[in-house]
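Please walk me through this structure, part by part.

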Amino acid sequence: EGQLGAEATSRPRRRDQRTAHQVIYMDEVPEEGVPCLDLVQKVQVTSGPGKGRLSWARGNDFTVELLHRGTRHLSYGVWSEIRTTNPDSLRRDASDYMGFMQSRDFDLLTRHDLRPETCALAEGITAGRDSVYDKAAAIAQWLSGPDFEYTLNLPPLPERGAMDAFLLRVRRGHCQFFASGMALMLRSLGVPTRVVSGYRG
């Protein structure tokens, strides 16, 4: 913690983990934190707010907090450990979300407005799949099947129940339709899900 400038905070690197190094510039520092990959190992501010504090957040969960005063631009480097996974390890991941999330967050990330027939479709696609990974893989495979077509020429969809129409009948659209459809189907199965999109170079 301390004066920012060449300020850095780091933790020992864990064994057998690959790392990625990013250099990030932001012209508006968000109030809720700064973006980086998961499992941060080190952060170094190279330029930005005059006075502030860089520290690990409470909870020992690799979250970095930046408290600052002054200008709103920020440049920083971040080193993150890259977690390697495979289907077998993902199948073993816990699905008892209430063991590590607040009920408010769980409710928010499982909220959806899909019609009963669309929810039944999601249940049918994932029938016999026990793990969250296998359920997600089954939905992804279904959305990648021959019944769907990727297109930037968007078909007309109703104002109400647009995602139901996409999943049940139209089955043509761009990436946001596919990502939103998968997220909402998983939510209907009680799997907390969100769509993250967009990139600014």
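Phe 177 is buried, with a relative accessible area of 13%. Buried means under 20% relative accessible area, exposed over 50%, and partly exposed in between, with a 1.4 Å probe and protein chains only. Phe 166 counts as buried too, at 0% relative accessibility. This is a predicted model, so local features need pLDDT of at least 70 and side-chain atom pairs count only at pLDDT 80 or more, while totals for chains, interfaces and linings use all residues. Residues are numbered from 1 along each chain as its sequence is written, and side-chain values use heavy atoms, with hydrogens and water left out.

Now look at the rings. A pair of aromatic rings is described by the distance of the centres and the angle of the planes. Rings of Phe, Tyr and Trp (its six-membered ring) pair if their centres lie within 6.5 Å; planes under 30 degrees apart count as stacked, over 60 as edge-to-face and the rest as tilted. The count by this rule is 6 aromatic pairs. In one of them, Phe 166 and Phe 177 have ring centres 5.3 Å apart and planes at 50°, so this pair is tilted. Phe 166 lies in helix 5 (residues 162-170) and Phe 177 in helix 6 (residues 175-188), so the pair ties together parts that are 11 residues apart in sequence. Helices (H or I, at least four residues) and strands (E, at least two) are DSSP runs, numbered from the N terminus.

How are the rings of Phe 166 and Phe 178 placed? Their centres are 5.3 Å apart and their planes stand at 80°, so the pair is edge-to-face. Here Phe 166 in helix 5 meets Phe 178 in helix 6, so the pair ties together parts that are 12 residues apart in sequence. Both Phe 166 and Phe 178 are buried. One aromatic cluster takes in Trp 142, Phe 148, Phe 166, Phe 177 and Phe 178.

Contact means heavy atoms within 4.5 Å. Just after helix 5 comes Arg 171, with a positive phi of about 55°. Most residues other than glycine have a negative phi, and most peptide bonds are trans. Arg 171 sits in the loop between helix 5 and strand 8. At 18% relative accessibility, Arg 171 counts as buried.

Next, follow helix 6 to another partner. Two packed helices are described by the angle between their axes and the distance between the axes. The axes of helix 4 (residues 132-143) and helix 6 come within 10 Å and cross at roughly 145°. Axes are lines fitted to C-alpha atoms, for helices over the stretch in contact, and angles run from 0 to 180 degrees between N-to-C directions. From helix 4, Lys 135, Ala 136, Ile 139, Ala 140, Trp 142 and Leu 143 take part. From helix 6, they meet Phe 178, Met 182, Met 185 and Leu 186. The residues of this contact divide into 9 nonpolar, no polar and 1 charged. Ala, Val, Leu, Ile, Met, Phe, Trp, Tyr, Cys and Pro count as nonpolar, Asp, Glu, Lys and Arg as charged, and the others, Gly among them, as polar.

Lys 135 belongs to helix 4. Leaving aside residues up to four places away in sequence, Lys 135 touches Thr 126, Arg 129, Asp 130 and Leu 186.

Two loop residues come next. Asp 113 lies between helix 2 (103-109) and helix 3. At 65% relative accessibility, Asp 113 counts as exposed. Its C-alpha atom is 8.7 Å from that of Ser 188, 75 residues apart along the chain. Leu 39 is in the loop between strand 2 (18-26) and strand 3 (40-47). Leu 39 is buried, at a relative accessible area of 6%. The C-alpha atoms of Leu 39 and Ile 82 are separated by 7.2 Å, and the two residues are 43 apart along the chain.

Finally, step back to the whole chain. The protein has 6 helices and 8 strands. Along the sequence the pattern reads β-β-β-β-β-β-α-α-α-α-β-α-β-α. Of the 201 residues, 35% are buried.
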